[in-house]
Each structure stands twice: as structure tokens, then as C-alpha cells.
Amino acid sequence: MRLSLERHQIIMDQTDDIIIEWNIETDSFICSPKWERKFGYMPSQEKILTRILRGDSHIHPDDQARVVESLYSIRKGSHYADMELRIRTADDRYLWCRARLTAQISQANHPIHAIGVLIDIDNEKRQAEKLLEIAQHDSLTGLYNKGTSQKRIEEHLKSLDEHSCSALMILDLDNFKQINDSMGHLFGDAILIEAAQRIKKQFRSTDIVGRIGGDEFIIFMEHLQGTSILQKKAEQVIHELEKIQTVNNGTENSPTIHLSCSVGAAVYPLHGKSFKELYHNADLALYQAKKNGKNQYHAYDTSSTTETFLRTTAQPVSYIGGKIDSDEPDGLLDRLAEHCFRILYQAHDVETAVQSILEMVGKKFNVSRAYIFENSEDGTHCCNTFEWCNEGISPQIENLQSISYEEDLNNRYLDNFNEDGIFYCRDICSLEEEPYAILAPQGIEIALTKRNL
């Protein structure tokens with residue numbers, strides 16, 4: 001027994017871990033002397049579970065319920081428990097620790113002791129929290145990023161009932177591209193940082209505020225007393241952002257550009273119960289605010305907002321060019337794709353919708369012609385089925401029917417497409433004879449094609 005105790009003492013002296021023991025029958029606690037070295041005091045030893053239950057312990061209040069649950073599980077017969085908890089130090093700091101306990105069972109098959117170790121994981125835990133913080137937040141403004149904003153809003157929506165009132169707002173800075181172009185991106189970044197700080201100050205700590213695009217922000221407000229608070233908050237933000245100085249010296253070379261913002265909002269559950277519904281309708285409301293002249297707030301309503309988009313009897317109208325003033329190409333393409341799908345979703349006449357999409361894309365990128373080719377069922381031929389021509393460009397759709405991949409394009413046309421299905425040619429003179437013979441008569445000099453849209 002003496003040698004056995006010596007072995008245990010040697011192990012205890014050589015490890016930084018704290019040996020802990022809970023006597024289940026007496027609800028008492030024993031620990032090795034390293035507890036005092038770590039935390040600066042020796043803990044209470046009597047009625048441990050009782051103390052935790054009444055909140056009179058050195059364990060962080062947010063962790064006490066988890067610790068009680070683990071101790072109860074051992075008392076009820078579980079052989080092992082592993083938990084993470086924060087323990088207060090003598091100078092009122094909290095250290096993250098991991099407690100691992102194994103139960104000792106009596107001859108009558110009852111748990112009598114739980115013995116284990118307490119391991120300091122504070123550095124490891126705080127480093128993980130720091131990395132999580134970085135992953136969840138926008139690196140420029142410090143607000144939640146797009147993915148985290150959506151995830152947190154979705155979590156909140158799951159806990160709401162239909163009698164509660166919440167709202168999702170989308171805010172977009174007006175004229176931001178002009179600021180970037182005239183004053184530079186560093187100045188633009190400074191404007192975004194200040195705008196983010198001013199936006200966040202207008203909302204409660206429980207509200208979700210995030211940056212979801214170049215100059216676009218999202219806000220989710222939970223448990224509102226009524227919808228009137230939305231307009232009040234939007235007007236506060238609009239007024240606050242107008243205070244941001246966007247001119248260096250007021251000279252002719254540095255003209256005054258007034259920063260403003262447009263805000264669209266959708267209300268839960270009136271305008272949707274899911275994130276996608278609320279975001280979609282707040283987005284429509286934002287377009288309406290842009291259409292009405294910017295620097296204003298608009299709440300979603302079916303009568304006015306949908307006028308901005310596709311009508312079944314009229315050509316669709318798109319405001320994608322006026323929505324986001326950021327010059328980020330990826331964001332632009334994402335929004336363009338979103339609008340294309342939205343037009344198709346709302347259309348009763350698909351052919352009119354497709355024609356409108358081609359017009360929107362063509363005008364947005366200022367190309368001469370935009371068209372769609374469809375393969376035959378056997379994949380041997382293709383036909384031009386939809387075409388949009390810019391002003392002054394002659395149609396070619398009649399001349400581009402039943403083109404054979406083998407006979408007209410030498411069966412190598414598809415080799416021009418990369419792994420992403422893109423065929424981009426800055427000068428068609430560099431093409432082989434067969435595709436050049438198809439494109440040249442159309443007056444094409446530069447070609448950009450996407451397969452399998």
C-alpha cells in the first residue's frame with residue numbers, strides 16, 4: 001500500500017492536472033493541492049451539489065446547469081462524465097477547464113465516488129473562440145458576415161410564435177460606387193467602417209446586425225411592440241449616415257458626394273415566416289425605395305412593391321443596375337442570377353420572360369447580342385432559339401438554325417470550353433476555320449459563351 005501511494009503521489013507531482021474526487025454519498029469534494037496554485041484558494045468541500053444548485057459555487061453561472069446534469073448522470077449510474085466549465089480564480093477571472101470523472105461502484109452496484117482530473121484548457125478554448133469570432137465576423141467592419149447573419153436569424157425564427165412581431169431590414173448605401181471611384185478604395189473602406197459603427201449603435205444588443213455585401217447590411221429585430229418602430233429606426237439610421245463626411249477639402253477636384261442609404265423591410269409573420277421569404281420581400285422593398293429616389297425607407301407591401309418587377313402582361317423591369325453601388329463583380333453576378341430566377345419564377349409567359357432576361361443581361365454588360373442555343377435531342381445539332389440585339393445590331397436568329405457540330409463546326413467546337421463550361425475569345429480571328437466562319441458574318445469580334453445554363 002505504501003508503494004502504491006508513493007506511485008500515485010509521484011504521478012500527481014509530475015502532472016499539471018488537478019486530481020478531484022466527489023463523494024456521492026456525502027456530497028463532499030476533495031482535490032489535490034494544485035487547485036490552490038491554479039486558482040489561488042482551496043474550494044468548499046461540503047455539500048458540493050447543493051451549493052451548485054443554489055448558485056453558491058466557484059463555477060461560472062452559465063455552466064452550472066451542465067455540471068449538475070453531469071453529476072446527476074453519475075449518481076444515477078453513468079460510469080463516466082466529461083464536461084467543460086469555467087472556474088473562478090481568486091482575482092475574479094474565469095479559467096476554462098475540462099473535468100473528466102469516472103465512477104467507483106460499490107459491491108451493491110451503487111456509485112459511491114467519482115474520481116478524475118481537472119485540466120486547464122483556457123488557452124486552447126480562447127484560441128478556438130478567437131478563431132470562431134474571426135470566422136463569424138466581417139473582417140472590415142466587425143459586424144456579422146453574411147453566413148453568420150443568416151444562421152443566427154434562422155435560429156431566432158425557429159423560436160418565434162405567430163403572435164410575436166419581428167422584422168428583417170436590408171440597408172444599402174447610395175452612391176457608394178461614386179465614392180470609391182472618386183476617392184479611392186481606402187477611403188471607401190473607411191466610410192464602410194464608420195457606417196457599420198453608426199448602424200450598430202442604432203439597434204439593441206439583442207438585434208442582429210451584419211454586412212452581407214460590399215455596401216449592403218442586414219438587420220433583424222426580434223420581439224417588437226409594433227411595426228411603427230421599423231420606420232422610426234430606419235429614419236434614425238438614414239439621418240445618422242447623412243452625418244458622415246465624404247469630402248476631403250471641398251475643392252473642384254474633390255467634389256462633395258452626399259452619402260445616404262435606402263432601407264427595405266419585411267415583417268414576421270405578415271410578410272414571411274422563413275429567412276428566405278423575409279429576405280426576398282425586404283429585398284423587393286429595398287428596390288422600391290431605390291426606385292422612389294433613394295435615401296428613404298420602404299416596407300414591403302404586395303400592391304406597390306411588385307410593380308417594380310415582372311407583370312404577366314408587360315415586359316419585366318429590372319432595377320439591378322441601381323440596387324448596389326458596390327463594384328464587386330461576384331456580388332453583381334450573384335444578384336443578376338437571382339433576378340433571372342425571380343423573373344422566371346414569377347412569369348406566366350416563359351418566352352417573354354427569357355427574352356426579357358436576355359435584354360437585361362445584354363444591357364447590363366453592354367454587349368451587341370445575347371442569345372441562347374439549344375441542342376437537339378441527339379446532341380448532334382444546335383439551334384438559336386432566343387436572341388436579343390442591341391440598338392443598331394441586325395438579328396441573326398434566322399441564320400443560326402440546325403447547325404451541325406460535325407459538319408459545320410468540325411466536331412471540335414466544344415473543346416473551346418474550359419472546365420467551368422466557359423468559352424471566352426478576345427479575338428475570333430484566333431479561332432479555327434469552322435467556328436470563325438459561323439461568327440464572322442454576324443459581325444462578332446469578341447465572344448463569351450456559357451454551356452448548360
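This is a predicted model: local features need pLDDT of at least 70, side-chain atom pairs count only at pLDDT 80 or more; totals for chains, interfaces and linings use all residues.
Here, contact means heavy atoms within 4.5 Å.

**Stop 1**

Select strand S7 (208-211) and strand S10 (297-299). The five strands run in the order S7-S8-S6-S9-S10, and the pairing is mixed. Neighbouring strands are turned by 15° against each other on average, direction ignored.

Zoom in on S7 and strand S8 (residues 216-221). Four bridges join them, and they run antiparallel. Pick Val209, then find its bridge partner, Ile219, in S8.

**Stop 2: two helices across that sheet**

Show helix H8 (residues 185-201). H8 lies across strand S6 (166-174), S7 and S8, at about 10° to S8. Next, show helix H9 (residues 228-241). H9 lies across S6, S8, strand S9 (260-268) and S10, and runs at about 160° to S9.

**Stop 3: the antiparallel sheet**

Move to another open sheet of five strands, ordered S2-S1-S5-S4-S3, with antiparallel pairing. Its edges are strand S2 (28-31) and strand S3 (80-88). The twist averages 25° from one strand to the next.

Select S3 with strand S4 (residues 94-105). Nine bridges join this antiparallel pair. Which residue in S4 stands opposite Asp82? Click Arg100 to see it.

**Stop 4: helices on the antiparallel sheet**

H4 touches strand S1 (18-23), S3, S4 and strand S5 (111-120), and its direction makes about 150° with that of S3. Finish on helix H5 (residues 122-136), which lies across S3, S4 and S5 at about 120° to S4.

How values were computed: Residues are numbered from 1 along each chain as its sequence is written. Side-chain values use heavy atoms; hydrogens and water are left out. Two strands pair if DSSP finds at least two bridges between them. Axes are lines fitted to C-alpha atoms, for helices over the stretch in contact, and angles run from 0 to 180 degrees between N-to-C directions.
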